Amino acid sequence: MKSKVNKSAYGYLFISPFFIGYAVIGLVPILYTFYLSLTKWDGFTDPVYVGLSNYQRLLHDSFFFQTIGNTLIIWIFSIVPQLILALLLALILNEKFIRGKHFFRAVFYFPNLISAVTLGVLFSLIFDWQTGAVNKMLMNIGLLHDPINWLKDPWWSRAIAAAVTCWQYFGFNLIVFIAGMQSIPAEVFEAAEVDGATKRQMVFKITLPLLRQVFMFTFITSVIGGLQLFDGPLMLGDGPGNTARTMIMYLYETAFKAFDYSYGAATAYGIFIIIMVFTAITARASRLKE
Amino acid sequence: MNAKKWLSIVLTASMIMILLAACGKGNSNNDSSASPAASPSGSASPSASASAAPADLKGHLVIWTYFDQVKQMADKFTEAHPGVKIDVQIFPGDQYETKLMTALQSGRNVPDIIDLDRGYIGKFLESKFLADLSAMGGEDLVKSYLPYVQAYGRSPDGKLKAISDNSSPGGFWYVRESAKKWLGTDDPDKISSMVDSWDKVIELGKKVAKDSGGKVHLIQSASALNDIMSYNTASWVKDGKLNIDPKWKDTYETELKIRANNVDAKLPFMSAGWGSALNDGSVILTSMPSWAVFMVDNKDGKAKGKFGVAKTPQGFFLGGRYEGIYEKSPNKELAYEVMKFIASPEWQKYNLEKTGNMPGNATVFDQNQDTFKSDLFGDQLILKTYADQMKAMPALQANKYDEGILSKWGKVAGDGLEKGASYDQVVAAFKKEVKNTYPELQVE
């Protein structure tokens, strides 16, 4: 049956600014990065075509593989407490009897408004092992005798990088969870209440199962965001033996500190593939449960 | 075609044009240096322009820098040459280097004069983008220079490509009161002789730690030795191979001894704690470049006469800013007049008095060392303290690898120091880092 909608060709003209903008600002740099990854270029001389040698180098680069592990560890350290905290606070702040919930939602969202760089600097100062507040506080209350050099310890440095991310994003996830909870029809809870369900049962049998799509959304976006961790951890440093260096930090150091643009471009494509794989796994896992 | 369709076409076309215009804006702010009005009238031979009367110079120059005090230099230059206009564009932060490289590579919007930091000057000197100042008469400008200052502006073939108006000498800064209390004197000469070798530093540091019950340290960090030794050792690259000067072994082992004997406060360079210790004297000696006065809390002049500066066991310099001329600048000769100006003793003396930046020209050292005083250092003749060591510093040339490799060494040796790793372990980790970042170098 022929559609009655008037599909005038001028419609394409109206949507063209976005596509032209995307092509110029998005697509061309992506393709140019791929071209660069097939060259040797230091930013001074003209690029020289070298085929896949940058990718071969990447496959044998133990520093790059170390950054993949670091990123995953930091991401896990960050996402688990982040989601638990956001969910618990969302459950509490979604209760009718809580007063000032709008105020608390705004307060918990505040860290999301601060740039990650600022948060990174803030955390590096409070975890400074000689002058930072954390050591001073722990020593004053007698929990520590000698100060801990947090950022020179492989695990603590990763945990602090994760804490920056967790603190920045739990407020955002909190808002998303609350939005998800508010979209659950009130009748479902009322019916459960009539049937004598306890609060605990309502959480586990109604709220959490119906929030599954919201969980998937936060999980997938956090996989993509978490694997691109950069500015916060950059302010905290590479950690001892590069143990807190993330994939994007490595890309940045390669391309913009060592000025090896071509290897940096290959690293960018390597990271793209890794993120794509993890996103696909997450999406697939969500479909399996349906 | 009806009016509605025309309107939609016109609107769409306008949106596309606005979008494209916005994208192209970066490039449309075009090459001010290529402006026809920019050519200097005094464009004869360099020697002719050297003798040109102020009124003869006319034109417009663009300088790119990361350092705001360049404006003072431009003002002083234009005061003497009112026919010249200088547009100083300041790009603070570490994105300056990237911006400069992009501009040079594309050849668009490139300034006439380029400021280069010592940290990355090597690769610029090796590139095709800097004018050969030797061919323009530059050798005359630097003939009275401190050897290391003029050598650092040369390309590998020995041609002068950049000139600095400063020398960034380093020394041990100390709070006089603190030095009197723990070392028994605040006299710079006596303190210099108390720490004229690393063995003496360790012995004195042990005594200070013992006397203070471990609360006061002699130096800020053992890692400071890396900065001091970096210009007293051979280049990291020789004939395409990684070259580790044997002096690094002694240096690292000295660092381990310093750490083991509680001589240093383990404070990273320019960290918050480092700044506090410098100001409150809880660390007695801080190895500092002369330009780092901004780290001193001198609100309402409270640091007046508070500090002294002593010699480090070996002379060193840290940082420094050079200026070069863009090879394709249409204003090369006028830009060269600026080079002549910054190399002149008149400007460097003025700069010394106005900003405290130490001169690169040895004549200025000689002429002012018996008179120059700085507020922070009271009556001390600080140029005199620096002079001998700076004149004796080896005239090393920059290359595109040394600073990058030095920073790798600093990072790996710093990690090693924390763990108490052996020299061999540090070298193994260092080689791995170098091999990874510079695969074109041979690492044995």
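This report describes the sheets, helices, salt bridges and surface of a predicted model.

Local features need pLDDT of at least 70, side-chain atom pairs count only at pLDDT 80 or more, and totals for chains, interfaces and linings use all residues; side-chain values use heavy atoms, with hydrogens and water left out. Residues are numbered from 1 along each chain as its sequence is written, while chains are lettered from A and ligands numbered from 1 in the order in which they are written.

**Chain B in outline**

Chain B has 444 residues, and 53% of them count as buried. Buried means under 20% relative accessible area, exposed means over 50%, and partly exposed lies in between (1.4 Å probe, protein chains only). The secondary structure of chain B comes to 19 helices and 11 strands. Helices (H or I, at least four residues) and strands (E, at least two) are DSSP runs, numbered from the N terminus. Take the contacts in chain B between residues at least 6 apart in sequence: 74% of these join residues at least 24 apart. Contact means heavy atoms within 4.5 Å. Accessible areas come from the Shrake-Rupley method with a 1.4 Å probe; for residues, only the protein chains shown count as cover.

**The five-stranded sheet**

Five strands of chain B form an open sheet in the order β2-β1-β3-β11-β4, with mixed pairing. Its edge strands are β2 (84-90) and β4 (163-164) of chain B, each pairing on one side only. Two strands pair if DSSP finds at least two bridges between them. Strands of a sheet pair through backbone hydrogen bonds, either parallel or antiparallel. In chain B, β1 (residues 59-65) and β3 (residues 113-117) are parallel and share two bridges. Ile63(B) stands opposite Ile113(B) in β3(B).

Helices lie on this sheet. Helix α14 (residues 332-343) of chain B touches β1, β2, β3, β4 and β11 (321-325) of chain B, and its direction makes about 155° with that of β11(B). Axes are lines fitted to C-alpha atoms, for helices over the stretch in contact, and angles run from 0 to 180 degrees between N-to-C directions.

**The four-stranded sheet**

A sheet of four strands in chain B is also open and mixed, with the order β6-β9-β5-β10. β6 (217-219) and β10 (307-310) of chain B each have a single partner strand, so one side of each is left without a neighbour in the sheet. Neighbouring strands of this sheet are turned by 30° against each other on average, direction ignored. Strands β5 (residues 170-175) and β9 (residues 283-289) of chain B run antiparallel, joined by four bridges. Trp173(B) has Thr286(B) as its bridge partner in β9(B).

Helix α8 (residues 176-183) of chain B lies across β5, β6, β9 and β10 of chain B, at about 80° to β5(B). Helix α13 (residues 272-280) of chain B lies across β5, β9 and β10 of chain B, at about 115° to β9(B).

**Salt bridges**

Side chains of opposite charge can pair when their charged atoms come close. A salt bridge is a side-chain nitrogen of Lys or Arg within 4 Å of a carboxyl oxygen of Asp or Glu. The structure holds 31 salt bridges over all chains. Examples follow.

| Pair | N to O distance |
|---|---|
| Arg176(B) and Asp186(B) | 3.6 Å |
| Arg259(B) and Asp264(B) | 2.9 Å |
| Glu353(B) and Lys349(B) | 3.0 Å |

Arg176(B) and Asp186(B) are both buried. Arg259(B) is buried at 14% relative accessibility, and Asp264(B) is buried at 0%. Glu353(B) and Lys349(B) lie four residues apart in helix α15 (residues 345-355) of chain B, about one turn of the helix. Glu353(B) is partly exposed at 49%, and Lys349(B) is partly exposed at 33%. Salt bridges that share partners also join Asp238(A), Lys408(B), Lys411(B) and Glu433(B) into one network.

**A patch on chain A**

A nonpolar surface patch of about 860 Å² is made by Tyr12(A), Ile15(A), Phe18(A), Phe19(A), Tyr22(A), Leu27(A), Ile30(A) and Leu31(A). Patches are made of residues with over 30% relative accessible area and no salt bridge: like charges are joined within 9 Å, nonpolar side chains (Val, Leu, Ile, Met, Phe, Trp, Tyr) within 5 Å. Leu31(A) lies in helix α1 (residues 10-37) of chain A. Leu31(A) is exposed, at 53% relative accessible area.
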